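Please look over the sequence and the model shown here. A short report on the fold and on some of its residues comes after them.

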Amino acid sequence: MLRFAEEVMLLLLDDDEERFIRVPDWSLRYALGGAVLMDLALEDRIDTDMEKLILVDPTPMNDAILDPVLADIAAHEHQRDARFWVERASGMSDDIRETAIDRLIERGILERREDRFLWVFRSRRYPVIDGKAEREVKLRLMEVLFSDIVPTPRDVVMIGLADACGIFAELLSKRELRAVLPRIELIRKMDLIGRAVTAAVWDIEVSLAQAIRPHMA
């Protein structure tokens, strides 16, 4: 099973340009930080609601993407909310990004050629991992958004995260985005953990916009 940070990077891969789509730096940082928190929640290492994030199990998982953030949470003396930890985890986003890309290459999903990234498996399925081949994240999410199929818990998380960080605005035309906004809003309400993390990202975005606005006046 791929980690959410790995799927975020695949979601941003531009097949035609063989590079990652450029999104605002803060978007990628908070997307990766939020992705790690969501994986930790699904691994029963943390729990969260709209007010606080709780350490459930500090046991490391021998995972270079998740363990540094888990160790930071475990070492913190005071209980904080999801926004605090999204911002805190985003500070590790450079390492998270590079580790995610390296693992995708190691798994045979991507290939690096002269600073370009190519899909190795043109069938658009990942190599066999944990006994099965998984459909590529972009195709999965587009199918969920443009149909009435019931999303999996992982797809609910990814859609909430991608929406909160503005990734769909880069992947879809304005017309397409307007068409799927009601569907995105419905899916975002399906997961409490995802709601807490994505609400934290939205809160950070609003704060950034308010900080920037006076300088633009």
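## Overall fold

This is a predicted model. The protein has 217 residues, and 47% of them are buried. Its secondary structure consists of 10 helices and six strands.

Contacts between residues at least 6 apart in sequence were sorted by separation. Of these, 62% join residues at least 24 apart.

Helix 2 covers residues 25-42.

The largest nonpolar core holds 60 residues. Val 8, Leu 37 and Leu 40 touch the most other members. Helix 2 supplies the largest share of this core, 10 residues. What does Leu 37 touch, residues up to four places away in sequence not counted? Its partners are Ile 46, Leu 53, Val 69, Ile 73, Ala 82, Trp 85, Val 86 and Val 197.

## Helix 2 against helix 5

Helix 5 spans residues 93-106. Helix 2 packs on helix 5 at an angle of about 75 degrees, and the axes are 9 Å apart. That angle makes the two helices roughly perpendicular.

On the helix 2 side, the contact is made by Leu 28, Arg 29, Leu 32 and Val 36. On the helix 5 side, Ser 93, Asp 94, Ile 96 and Arg 97 meet them. An α-helix has 3.6 residues a turn, so residues three or four places apart point the same way.

## Helix 6 against helix 7

Helix 6 runs over residues 137-145, and helix 7 over residues 153-164. They pack at an angle of about 90 degrees, with axes 10 Å apart. Helix 6 is therefore roughly perpendicular to helix 7.

Helix 6 brings Val 137, Arg 140, Leu 141, Val 144 and Leu 145 to this contact. Helix 7 brings Asp 155, Met 158 and Ile 159.

## A lysine in helix 6

Is Lys 138 buried or exposed? Its relative accessibility is 16%, so Lys 138 counts as buried; the cut-off is under 20%. This lysine lies in helix 6.

Which residues is Lys 138 in contact with, leaving aside neighbours within four places in sequence? They are Leu 10, Leu 11, Leu 13 and Leu 171.

Most residues other than glycine have a negative phi. Asp 44 is not a glycine, yet its phi is positive, at about 60 degrees. Asp 44 follows helix 2. It sits in the loop between helix 2 and strand 3, residues 46-48. With a relative accessible area of 54%, Asp 44 is exposed.

Asn 62 also has a positive phi, near 55 degrees, and is a residue other than glycine. Its loop lies between strand 4 (53-55) and helix 3 (67-75). How exposed is Asn 62? Its relative accessible area is 78%, so Asn 62 counts as exposed.

How values were computed: Residues numbered from 1 in each chain as written. Predicted model: local features only at pLDDT ≥ 70, side-chain atom pairs only at ≥ 80, totals over all residues. Heavy atoms only, no water. Helix = DSSP H or I, 4+ residues; strand = E, 2+ residues; numbered from the N terminus. Buried < 20%, exposed > 50% of the residue type's maximum accessible area, 1.4 Å probe, protein only. Contact = heavy atoms within 4.5 Å. Expected span 1.5 Å × (residues − 1). Core = buried A, V, L, I, M, F, W, Y, C linked by side-chain atoms within 4.5 Å. Axes fitted to C-alpha atoms, helices over the stretch in contact; angles between N-to-C directions. Parallel < 35°, antiparallel > 145°, perpendicular 65-115°, else oblique.
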